[in-house]
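Please look over the sequence and the structure shown below before reading on. The notes after them are a short briefing for someone new to reading protein models.

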Amino acid sequence: MKADGKVFKYGDNVDTDVIIPARYLNSSDPAELATHCMEDIDKEFVKKVNKGDIIVANKNFGCGSSREHAPIAIKAAGVSCVIAETFARIFYRNAINIGLPIIECPEAAKDIDAGDRVEIDFDSGMIYDRTKGTEYKGQAFPEFMQKIIKAEGLINYINNKNA
């Protein structure tokens, strides 16, 4: 599995209330959530993001409320992967459960800039900044996690596995 896209860069402690503000949680429709993704931290995000683009952030991405709406909004907005120095534990689990690839890599999180073109190889964990010509070794996904992501989430994985 691979991802390739333009980077949107954010700092430390991007919480779930910023990823998808609580005022929009009356909907569980992914397409509706996507229209408000990141709007409290980046008003232009939903206008500029394209399918396949990548979010890069620093420490503790996804902290705050344990709502799975946050990774759903990111994925539905077209983001193919989130790279961060660290993730909040519940966000990490929710992201995998809904099939959003995420990678912890402190070096990449610090060095990659907004607008860079980045490619990720999930099999090896390699992150390539094609704009700068640099590469980073992130944590490769174990095979079972790759299967969950390929199935578009844990529920689909379980349903297909039992079929």
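The briefing below goes through helix packing, cysteines, one aspartate, a histidine and some backbone angles.

This is a predicted model, in which local features need pLDDT of at least 70 and side-chain atom pairs count only at pLDDT 80 or more, while totals for chains, interfaces and linings use all residues. Residues are numbered from 1 along each chain as its sequence is written, and side-chain values use heavy atoms, with hydrogens and water left out. Helices (H or I, at least four residues) and strands (E, at least two) are DSSP runs, numbered from the N terminus.

**Helix H5 and its surroundings**

- Two packed helices are described by the angle between their axes and the distance between the axes.
- Helix H5, residues 89-98, packs with helix H7, residues 143-150, at an angle of about 60 degrees, and their axes are 7 Å apart; here axes are lines fitted to C-alpha atoms, for helices over the stretch in contact, and angles run from 0 to 180 degrees between N-to-C directions.
- H5 and H7 are therefore oblique to each other, given that angles under 35 degrees count as roughly parallel, over 145 as roughly antiparallel, 65 to 115 as roughly perpendicular and the rest as oblique.
- Tyr92, Arg93 and Ile96 of H5 and Met145, Ile148 and Ile149 of H7 make the contact, where contact means heavy atoms within 4.5 Å.
- Phe91, Asn94, Ala95, Ile96 and Ile98 of H5 are buried (buried means under 20% relative accessible area, exposed over 50%, and partly exposed in between, with a 1.4 Å probe and protein chains only).
- The buried residues of H5 pack against helix H1 (16-19), helix H4 (69-76), strand S4 (102-104), H7 and helix H8 (154-161).
- Just after H5 comes Gly99, which takes a positive phi of about 85 degrees.

**Cysteines**

- A disulfide is a covalent bond between the sulfur atoms of two cysteines.
- When a disulfide is defined as a pair of cysteine sulfur atoms within 2.5 Å, the count comes to zero.
- The sulfur of Cys81 lies 11 Å from the closest cysteine sulfur, that of Cys105, and this is too far for a bond.
- Cys81 is buried, with a relative accessible area of 0%, and Cys105 also counts as buried, at 0% relative accessibility.

**Asp116**

- Asp116 is found in the loop between helix H6 (106-111) and strand S5 (117-121), and it counts as buried because its relative accessibility is 6%.
- The side chain of Asp116 makes a polar contact with the side chain of Lys132 at 3.5 Å; a polar contact is a pair of N or O atoms within 3.5 Å, and within protein one must be able to donate a hydrogen and the other to accept it, while residues adjacent in sequence count only if both atoms are side-chain atoms.
- Leaving aside neighbours within four places in sequence, Asp116 is in contact with Gly5, Lys6, Val7, Asp129, Thr131 and Lys132.

**His69**

- His69 lies in helix H4, and, apart from its neighbours within four places in sequence, His69 is in contact with Ile20, Leu25, Ser27, Ser28 and Leu33.

- Met38 has a phi near 65 degrees, a positive value in a residue other than glycine; Met38 sits in the loop between helix H2 (30-34) and helix H3 (45-48) and counts as buried at 0% relative accessibility.
- Asn60, which is not a glycine either, has a positive phi of about 65 degrees; Asn60 lies in the loop between strand S2 (54-57) and H4 and is partly exposed, with a relative accessible area of 27%.
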